[in-house]
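Opening the notebook on this one. I'll jot down each thing as I look it up.

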Amino acid sequence: MMTRHRRRTNSKDYVSENGSAWMKLSRRAAEELAENLEREGEIIVRIEGGVWHDPGFEARLDEIWDAVVRPNTSQTLYDFTNLDALNFIKTRSSLIDTFILTSVKLRQLNDQEGALPPMGST
């Protein structure tokens with residue numbers, strides 16, 4: 001069941017519920033997702049960090065990360081994108097305890113002719 005007003009602590013929820021831009025994840029769940037999402041054929045294109053207030057998410061504008069990949073980028077750059085995302089999460093202040101990750105399937109990204117798909121699409 002999709003519940004937008006709670007923070008997930010299990011990274012598997014993201015894949016099973018098509019999480020992307022609406023799902024809030026604990027720091028550990030976000031790290032696990034960044035470590036394993038490539039296995040699902042997806043790369044992270046944006047991360048928004050913030051603070052969880054149970055049940056609210058306070059986004060921090062200075063805690064946003066955007067991937068540098070574009071359609072038809074080399075496979076080497078794709079391989080490092082989720083690693084860069086993981087490093088971003090790990091280097092945030094301990095005050096930043098919640099993350100929203102937006103991802104796209106690699107196949108979708110390569111099928112694009114121009115910019116990245118709209119934020120929140122998978």
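Which residue forms a salt bridge with Glu32? I looked it up in the predicted model: the partner is Arg28, and the closest N and O atoms of the two are 3.5 Å apart. Glu32 and Arg28 are four residues apart in helix α2, so about one helical turn separates them. I checked accessibility as well: Glu32 comes out partly exposed at 24%, and Arg28 is also listed as partly exposed, with a relative accessible area of 41%.

**Entry: other salt bridges**

I get 10 salt bridges in the structure. One of them joins Arg7 and Asp97, with 3.4 Å between the closest N and O atoms. This pair ties together distant parts of the chain, since Arg7 sits in strand β1 and Asp97 in the loop between α3 and β5, 90 residues apart. Arg7 has a relative accessible area of 27%, so I note it as partly exposed. Asp97, at 23%, is partly exposed too.

Glu58 is partly exposed at 31% relative accessible area, and Arg60 counts as partly exposed at 30%. Then I followed shared partners and found one network that takes in Arg28, Glu31, Glu32 and Glu35.

In what order do the strands of the open sheet run? I read off β1-β2-β5-β3-β4, five strands with mixed pairing. At the edges are β1 (7-8) and β4, each of which pairs on one side only. α2 packs on this sheet and touches β1, β2, β3 and β5, and its direction makes about 100° with that of β2.

Next I went through the pairings of β3. With β5, β3 pairs in the antiparallel sense over eight bridges, and Gly49 stands opposite Phe99 in β5. With strand β4 (residues 57-66), β3 is again antiparallel, over six bridges. Here Ile47 stands opposite Trp65 in β4.

**Entry: the β3-β4 turn**

β3 and β4 form a hairpin with four residues between them. I wrote both down because most residues other than glycine have a negative phi, and most peptide bonds are trans.

Is Asp54 buried or exposed? At 59% relative accessibility, Asp54 counts as exposed, because the cut-off for that class is over 50%.

**Entry: the core**

Which residues touch the most other members of the largest nonpolar core? Among its 27 residues, I get Leu25, Ile44, Ile47 and Leu101. α2 (27-36), β3 (42-52), α3 (75-90) and β5 (98-105) each supply at least two residues of this core. In soluble globular proteins, nonpolar side chains tend to be buried together.

I listed the contacts of Ile44, leaving out residues up to four places away in sequence. Its partners include Ala34, Leu37, Trp65, Ala67 and Ala85, along with Thr81 and Asn82. Leu101, Thr102 and Ser103 are on the list as well.

**Entry: confidence**

How far does the confidence go? The chain averages a pLDDT of 83, and 80% of the residues score at least 70. Strand β2 (residues 24-26) is where confidence is highest, at a mean of 96. Helix α4 (residues 106-111) has the lowest, at 68. Over residues 113-122 the pLDDT is below 50, though this stretch still has 21 contacts in the model beyond near neighbours in sequence. I'm leaving those contacts alone, because where pLDDT is low, the predicted coordinates should not be read in detail.

Key:
Residues numbered from 1 in each chain as written. Heavy atoms only, no water. Core = buried A, V, L, I, M, F, W, Y, C linked by side-chain atoms within 4.5 Å. Buried < 20%, exposed > 50% of the residue type's maximum accessible area, 1.4 Å probe, protein only. Contact = heavy atoms within 4.5 Å. pLDDT = per-residue confidence, 0-100. Pairing = 2+ DSSP bridges. Axes fitted to C-alpha atoms, helices over the stretch in contact; angles between N-to-C directions. Salt bridge = Lys/Arg side-chain N within 4 Å of Asp/Glu carboxyl O.
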